[in-house]
Structure formats: structure tokens, C-alpha cells
Amino acid sequence: MQFSMRSALGLLAVRRACCLSRTTHNSPQTLEYKPIKKVMVANRGEIAIRVFRACTELGIRTVAVYSEQDTGQMHRQKADEAYLIGKGLPPVAAYLDIPDIIKVAKENDVDAIHPGYGFLSERSDFAQACVDAGVRFIGPSPDVVRMMGDKVEARSIAIRAGVPVVPGTDGPITCLSEAQEFSNTYGFPIIFKAAYGGGGRGMRVVKEYEELEENYQRAYSEALAAFGNGALFVEKFIERPRHIEVQILGDKYGNVIHLYERDCSIQRRHQKVVEIAPAVQLDPHLRDRLTADSVNLARQVGYENAGTVEFLVDKHGRHYFIEVNSRLQVEHTVTEQVTDVDLVHAQLRVCEGRSLPELGLKQDKIRINGFAIQCRVTTEDPARGFQPDTGRLEVFRSGEGMGIRLDSASAFQGAVISPHYDSLLVKVIASGKDLPAAAAKMNRALAEFRVRGVKTNIPFLQNVLSNDQFLYGTVDTQFIDENQELFNLKPVQNRAQKLLHYLGHVMVNGPTTPIPVKAKPSSIDPVIPPVPLGATFDVAMRFLCECPWKRLQELRALLPNVPFQMLLRGANAVGYTNYPDNAVFKFCEVAKENGMDIFRVFDSLNYLPNLMLGMEAAGTAGGVVEASISYTGDVSDPMRQKYSLEYYLKLADELVRAGTHILNVKDMAGLLKPESSRMLIGALRDRFPDMPIHVHTHDTAGAGVAAMLACAEAGADIVDVAVDSMAGMTSQPSMGAIVACTKGTNLSTGISLENVYDYSEYWEVARGLYAPFDCTATMKSGNADVYENEIPGGQYTNLHFQAHSMGLGHKFKEVKKSYTEANKLLGDLIKVTPSSKIVGDLAQFMVQNSLTRAEVEERADELSFPLSVVEFLQGHIGIPHGGFPEPFRSKVLKNMPRVEGRPGASLPAMDFQALEKQLRETHGNDITPEDVMSAAMYPKVFQEFKEFTHQFGPVDCLNTRLFLDGPKIAEEFEVELERGKTLHIKALALGDLNKAGQREVFFELNGALRSVLVKDTVAMKEMHFHPKALKDVRGQVGAPMPGKVVEVKVKQGQAVEKGQPLCVLSAMKMETVVNSPLSGTVVKIYVNADSSLEGDDLILEITE
């Protein structure tokens, strides 16, 4: 009964429309030509500018209106006059404020108002308000706007006109139960549509009953926000249709023509993404029916001005009327390109009273010439479900050239993209003789675009334009959903702008790498161009912000014939913890594939099971195995027999028996004296006459050269040295000294001293670049007390830095003494990373708490020891020679669990496929096997490294001084990104602090002004900001996009299920439901309704 009553009302509306139509047709003599002198556009953005340009061409003065949020928008600058509207109103509401718009028009002698599209363009009350105020409305009459804008009434008119329609309600539904009733009658899927607007707003497809209520609420809310009226109607949803629309144009004299059709099937969330004119492979008979039905429908209602009749075409070629858009469409541009008709000119002239024939617009003269494509470039991120992105356009450069038209608004460097309005940045229109030709021009133009500061959909559009189905077949509205390869997006490099961000960050906040002492890098660069050098695996990522694998690959390419060696910490691989056995094997395999030759395998405790695993992994990978004996004590001292000569020989026997190719003595503290060197190396040479022997030491005590000469005389084949300018103290003995001392003897190296001097000179200058890290900043000499404290060279330097940075430089002697005592407490360990760190942690613990060795032993059961000490005593790095110290161990551990045997043996195998999948989900598809290994070894360090490169890009192209200290103001320099691509950069100025805690840093890049906003980390500590969700904390739910909170759907303390809606965000008039990532309890909510959020702002926390 309800449906039939509405049908009757629809019939009355048709009859009324026909009467209006006949009256209009029969009274042309009552009309007169009234020129328009001034036009207001009641809209914003690119459509406002499009109309202004047409007005200017016709000699008509222009007026813009703008909201408080749009003061910086270009449309207000393109008009002859501009006035504020909707003061104090929300952003969208300002453009819906009819009284204020009419008031501005009357006060400024506006003749006519163009509504653009969206906002008030299909509001009959606005059209009527214009007429009542004596201002012409550039569009259909208010009655026609009302009939066509009310999609239910338009549907009824179409039925009476004999145009096929999709089954649907005869009027707007007023409650959810009516939608349920319709779905019970026609089944699913169904679609909700806004009754008083289009553009995909308020449109939701419902595929099953369980989704009905949620989608009804969301569609109603979106329609209300976008059009000021939440009325909806319901239709049966036609699956896999083509979306074809016909452009119509009418005048005041009853003349109606069509300008053929557009294919708008490529859609996302019912919003058009790419439009084509004419439709590809459209049956000519179907084209005739579509255009004839459109013209007939327009004539039925006396349609004047521009409009669009939209249809769905199913797979059988049947067409169904959807709606009439009684306004100019976003995609009108493609019709203009293929018909050579300026639709806005026509709108203005028709409004003045001109007839279509007067304008030369007769149906038989309208011809299609070639093809045109329009792409809507939006600030949306396709990789994140097309979530709108906001921010400042740091760079904007458009694509141009033959066959390209650009309709844009505020797309310029420095423009701010807000979350308040549509995400459209620029419309790009390409024309060609056929679709592939037009697509080629479009692809080229999109490739020329450079948009930095916000994400765009350009990579997605490029994938669409390269798709064979798009180019040579037909597409329907499911094209995007069914072609997921469209989302295999080519990453945007953005290297130059990221480098500027990095340089700006250093200029504002100082180095990203922690600087031990306050010293500036030298301003002098080495004369010889530097080559990449090796670095500790995690240090490369953690401090140098470079990929260690890339360094290895570059070195191998530069030095193809030089053997490379790496250190492998046995079962600890290149880390400081235990890994599953398969992780160690896999690491060695990947290292060998990337160019590593020799694996120097050691264990910090000389724990044989750990050593054996590392040797087997290196050997299985095909590497040369160099098993290491970590040295401590003094074999020449008969009073120190824990680590006796016999101990080392027995260990060497095991390593040789296990198949090592080279035997290494690793003296990390520099404890080998000449006599102990002769004893140990002589005994090893006697025991293994054919085994290559390699010795590594440090020169902390100053006896390194003498010790290495003694080793050589005793039979060592290789000794490690450092170039003179980098030698001595905690480094290795001097290369020049060894070369000079052996010259002319049977141990001569054959190396020219002149070459050593030249090499040393280069590194002397290079060392100045690393002045902030140079041990000589705090350490002026070596010290023979290393024979007592046995601190390894690298750790000695670090402890020295730490003591001075904490203001305890005068207590370094106490630190060294505590190190000796800590070593004794732990049972006299071999001290190599990580065992040396354990001793160091305990020593610092003792100094900080003013504890003696005796006090620590006495209070061991009550003190809170460093975690590294506890884990050592549990057995996490293996079993030390002579066992664990008792009763110290038992007092510390009490009832804590202990690891028996080799720590890694009980660990489950690492799932590399699962890890790779996880990394791809987090960081994208450009994950390499090397990245997987980096994440396996150092998960947190790799995560931070990827976050750094995502923010700043690769920084290895910067020289050392720029990397550490940044440029000086007015400094000019060049950065080579790759061969043939060099950036010329000049640092210009550093701005003042803004209210967001940022400073603007200005550069000149390749002659163009660039600027970046950098957060001042010191200043921000004193300012309050909304907390961000931490990505590695599962229960922290962040905003997926900038926007406003529409509704919070849960309460603190509430239990939630995975996937349950938590809140609703609105951005750019599109609502998004934020769902729970896990099941648990809401512990804290950080937002409320109307909260404005930035991307990743913390919404709430959930505990499992």
C-alpha cells in the first residue's frame, strides 16, 4: 500500500512536469536575452576556478566565496572578488549556508550564481532562494532541480517516460524496517543511496542481512553530512554493470541535445576514479537507446542547462536508469575534449537566454573526435585502502605537454591539504586518436608529476592505465576489486626531499647518531675519494643508517679479487643473543651468496658446542672456516693457570679435529706479551705445522708491535695491524712499524713503506671527520693496567667515553678496578663480546651502588643485578671454562630456571617464510632475503632502520660531515644519488618555532626553493601533543587517517572482539569504521566525539 501510494504521487509529479514542459515550449516569445555581468560560484576548488576561467573568457566579472578554513585556497585568488561565508560554522556547513551566500550575492550586485558540483548544486531550495532574491541560478529551474534531485521522484518520471529502471523503493525510506522489508521482497544484494545528492556519498552496498543495520546508519550519516539531508532510498544492486552516463544540454526554448556518453565504470567505493569518453566497445544500437532515452527524459520535464543522465548496463546489454544529475559533472571535461563543446560557456549563455541553435549547438553538428580520459589525482593512499592523506605539499610539479589538460585548484608548493573537504588534487585529462593513444599520453603526464608531502593515487592510476583489460577490453564497476594487481604499487623514491628532511632534522636537532663527546667533524675532506668500508653488522643499521648487505655488495663489486672476512660469534651469529640453529646456518648462506669468503668463528667463552655450530654453519655455506681461540690471562705466568698453555692447546686440538681451515688467536684485550706470544704461537706451530695461524690483538698497553713480531718469529702466518694514523692505544699495532721492522729480514712483508705513508695520510684526514667518536677526545694514551683489568680494546674505549659523558672521568680508575673485581666475581671469564659486556655491566652496577666485591657476594640474594648478569648465570650464552661461580650463582638465581647445555639447541626453528610475510605486510613488497636475515638477527634495530629510511631515504650518498653535522647556512654542496643524477643543494635559512613545535628549514634544490617542516624535539618536550599509537604494540589502536571522530562505539573497561567496531572517523566527507585488531578489554580511551586527529594518533588501548 505504501509503495503504491508513492507511485501515485510520482504520477502526479510527472503530469505536473509535463505541464511545465509544455508551458515552457509554447512561450518562447516571453523570454529575452539578459547578459550576465557578474557571476558568483557557490563552491570551492577546481570547479570554481573552471567556471571563473569561462567567465573571464566571456568578459564576465567573477566572485568567489570561501570558508574560514579556505583562506589559503587558490579559488579565492582566481576571482575578481572574494568574500567570507559561514563564519563560525564547520567547514562543510559554511558552503551550505544559503542565507549567507544569498546575502553576499545581493550586497555585491551578483547577476547569477553557478553552484558547481556537490554542496548546494542539487538543492532545489537553493535554486529557489536565488530566484526569490532576483539572482539567476545557472542550472535547471528550481522545480526541475527538485524533481531530478529527488532520486525517487526522478525514478517515477523515468518509469512514466518508458525508461527502464532498477527495482527499488518508490520514496525515501524513513526507518531501518523499511529497508528490511525491501530486502525481504527482492533479496540481497541491495544498495542504499542518498536521495538528495551523489558522488558516492551516502551510498552503501549490503550483501547480507547482518550488514544491514550498520550500513544503513553509515549511509544516513554520510548523506546528512554531505547534503544536509540523510534521506535514503533502496535499490536492488545490479552486479558487475558498466556505469554509462549521457551528457545533455537544454535551453529555455525546449531544445535538448545530447553530447554522447561517458564510461565511468572504474570506481572505488562508488566514486569515479577514471572516466572515458566515448564508452569503449559500446554497441551502436545501445548508444542510440541511451541517448534517446536521456533526451526524451529531459524533454519530459522541460530541462534547461547542463545535466547528466546516468545508467547501469548489465552484461546482457540491458540498460537501467539510475538518476539525473542536474548540474555540471566532475568528468564533464572528457566530453568537452571529444566534442569540442565548452559546457560552461554553454551554461552561461543559456542562462542569459540564448538558444542552443544560436550557439551553434544542434544535434546533427555534434561529432565525436577521438578519445579522452580523465584521471582524478587525489591525496589518497591506495596501499591503505585509499585513506585520505593530509598535510603540506612540500613539492608540486605537474605533467604537461601535447594532449594534456589540467584542471586544478590549490595544487602548489606550500599548499595545505586539509581533512575537511574532498581529496581531489587535480584532474588530468588526456586526449588521443584512440584509447591506447590517450592512455599513453596520460601515463606520460602522470609520470612527470612530483607530489611530495602527501600520498597520492598516482601509482595506482598508472597501473590502471597499463592494464590490458582497460586498454583493449571493457571494464565494469568490479574492475578495481577484481584486479588486485592494480595495488602492486611501484614505490615512490622521493630521495631528494627525504634527504632535505634528514639534513633539516640534523640542522634543528643535531645528529641522529649519538655523539659521545662535543667535538665537530673536520671541515677538510680526504683527497682520495672514499670507498665503502665494513662495519659491525648492527652498527651499520643502528648508527650509520645504512644496510650492511649493501655495503658488502658494493665492496665486492669494487674489489672482486680480494678475500673478505667476517666475524661470526659462533651460535650467536652476528648478534648478542642465541638464535635457532637454522638462523645461524641461513645467515652464513646469505653472507656467502653476497660475497663473504672467510668466516672467523669465535665464542666469547670458548664454549666448544657454540664454536662447533658456527664452524659447521660457515663450512656448509661454502666459506673458509677460521676457528678462533679467544685469549685471556698470561700463559707465561706460572701463577695464572686457569687459562694455561695446555688449555689453549687442547682447545686448538678440538678445533683442528673439527675441520677448521685456519686457526686464529683472538686477543681482544691486548694481553699477549712477547714471551707469551712466543710460547703460545710456538706451541701451536709445533702441534700443527701445516695449519695457517692468524693472530689478532689490541695495543692498549703499547706492546702490540713487539708482541706481533714475536708471534711472527714463532710461526704466525698473519697478524692484524692498523694503518699508522688509526693505530695504537685500543686499536691494533702500527702497520708501518711492522713493515719497517721486518724489512730486510726473512719476515719481510714486501709492502712499500711509501705506500703505507700515502695510505696513512688519507686516513689521518678521514679520522678528523669522526672527531666526535675519536677515543683521543678523552683518552690521551694507552695504559699497561690492561694486564690487570683485562678490558678488551673496544670496551675500554666505550667505558672511557661513558665515564666522561656521565661526568665520572675522574673515577675511571675506579671503574677499571671494579671491572677487575667483577671479573673475579663471575669466575674469571674470557672477555669478548658479549661476555665482556656482562663483566662491564656488573662493574658499573658496583660503581653506581658503591659496592665492593665482598658486599656483592654477601648480598647476592637480595640485590637486583643487571639482566645480562642474571642471564649469563642462567646459562644463556653457554658454560664458562671451569663452570659457574658458586655459591654466587645459586644466591643470585635462587629458584630461577637454568639452561642446560648449548643454549640454542632447545630453540624452535625460525620460520623465515612467516617472517618474510610479516615484513612485507609491514614494510611493503621490496623486502629482500638480506632484509629477512637482518630482521632475524636484530628485529628492533631493523624495524628502526626501515622507519628511518622510510622517513629520510638512503643517506649513504651524503659525505660524513653532512651526515653527522648537517650543512652550514649558505653552504652549497652536491649529492650524487646515482650515476647521472646529481643534486645541487644550498642551505638557506632556519625558521622560528611554530605552534606545532616545528621549524621550517629552507633550501635551494637544483635552483628551486624547497622547504621542510622539522619537529624541534627539545621544544616539543615542553609542549603537549596527542600521543601516537606505537606500531609494535598490538593493543594500541591509532587513527588510520587524519579526520574527526564521529562516534565512539565502546567504553572504558568494555570487552571487545577482534573486528568489532570501535569508533567512526570522518575525513573528506567519507566515514571510516575503525575496528578492533584483537580481542580484549578497552583499558583507556584517548578521544571523544568531535576530536580532531592526525594520522596514527592514539584512539584507545586494548589489553588481551
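**Strands, cores and loops of a predicted chain**

Strands β30 and β31 form a hairpin in which four residues lie between the two strands, and Gly997 in the turn has a positive phi of about 80°. Strands here are DSSP runs of E with at least two residues, while helices are DSSP runs of H or I with at least four residues, and both are numbered from the N terminus. The model is predicted, so that local features need pLDDT of at least 70 and side-chain atom pairs count only at pLDDT 80 or more, whereas totals for chains, interfaces and linings use all residues. Residues are numbered from 1 along each chain as its sequence is written, and side-chain values use heavy atoms, with hydrogens and water left out.

Strand β30 (residues 981–993) pairs with β31 (residues 998–1005) in the antiparallel sense over six bridges, where two strands are said to pair if DSSP finds at least two bridges between them. Within this pairing, Leu990 has Val1001 in β31 as its bridge partner. Val975 stands opposite Leu983 in β30, and the hairpin of β29 and β30 has two residues between its strands, with Gly980 in the turn at a positive phi of about 90°.

In general, the strands of a sheet pair through backbone hydrogen bonds, either parallel or antiparallel. Another example is an open sheet of four strands in the order β33-β40-β38-β35, with antiparallel pairing. Because β33 (1036–1038) and β35 (1055–1056) stand at the edges with a single partner strand each, one side of each is left without a neighbour in the sheet. Inside this order, four bridges join β38 (residues 1080–1085) to β40 (residues 1098–1103), and Thr1081 stands opposite Thr1103 in β40. In the loop between β39 (1092–1093) and β40 lies Asp1097. Asp1097 is buried, with a relative accessible area of 5%; buried means under 20% relative accessible area, exposed means over 50%, and partly exposed is in between, using a 1.4 Å probe and protein chains only. Leaving out residues up to four places away in sequence, Asp1097 touches His1026, Pro1027, Lys1028, Ala1029, Val1037, Gly1038 and Ala1039, a contact being heavy atoms within 4.5 Å.

Strand β9 pairs with β12 (residues 305–313) in the antiparallel sense over nine bridges, and Gln247 stands opposite Thr308 in β12. Six bridges join β9 to β10 (residues 256–268), again antiparallel, with Gly250 opposite Val256. The hairpin of β9 and β10 has five residues between the strands, and Gly254 takes a positive phi near 90° there.

A helix can be mostly covered too: in α8 (residues 151–160), eight of its 10 residues are buried. Gly162, which follows α8, has a positive phi near 80°.

In soluble globular proteins, nonpolar side chains tend to be buried together. A nonpolar core is a set of buried Ala, Val, Leu, Ile, Met, Phe, Trp, Tyr and Cys residues joined through side-chain atoms within 4.5 Å. The largest such core has 78 residues, and those with the most contacts inside it are Trp549, Phe587, Ile681, Leu684 and Met937. Apart from this core lies another of 40 residues, among them Cys375, Leu435, Ala439 and Ile480. Leaving aside neighbours within four places in sequence, the residues in contact with Ile681 include Val665, Ile693 and Val695. Pro692 sits in the loop between α24 (674–687) and β27 (693–696) and is partly exposed, with a relative accessible area of 31%. Residues up to four places away not being counted, Pro692 touches His661, Ile662, Leu663 and Asp717.

Finally, the chain as a whole contains 39 helices and 40 strands, and buried residues make up 56% of its 1104 residues. Its C-alpha trace spans about 125 × 60 × 55 Å along the principal axes. Among contacts with a separation of 6 or more, 67% are between residues 24 or more positions apart.
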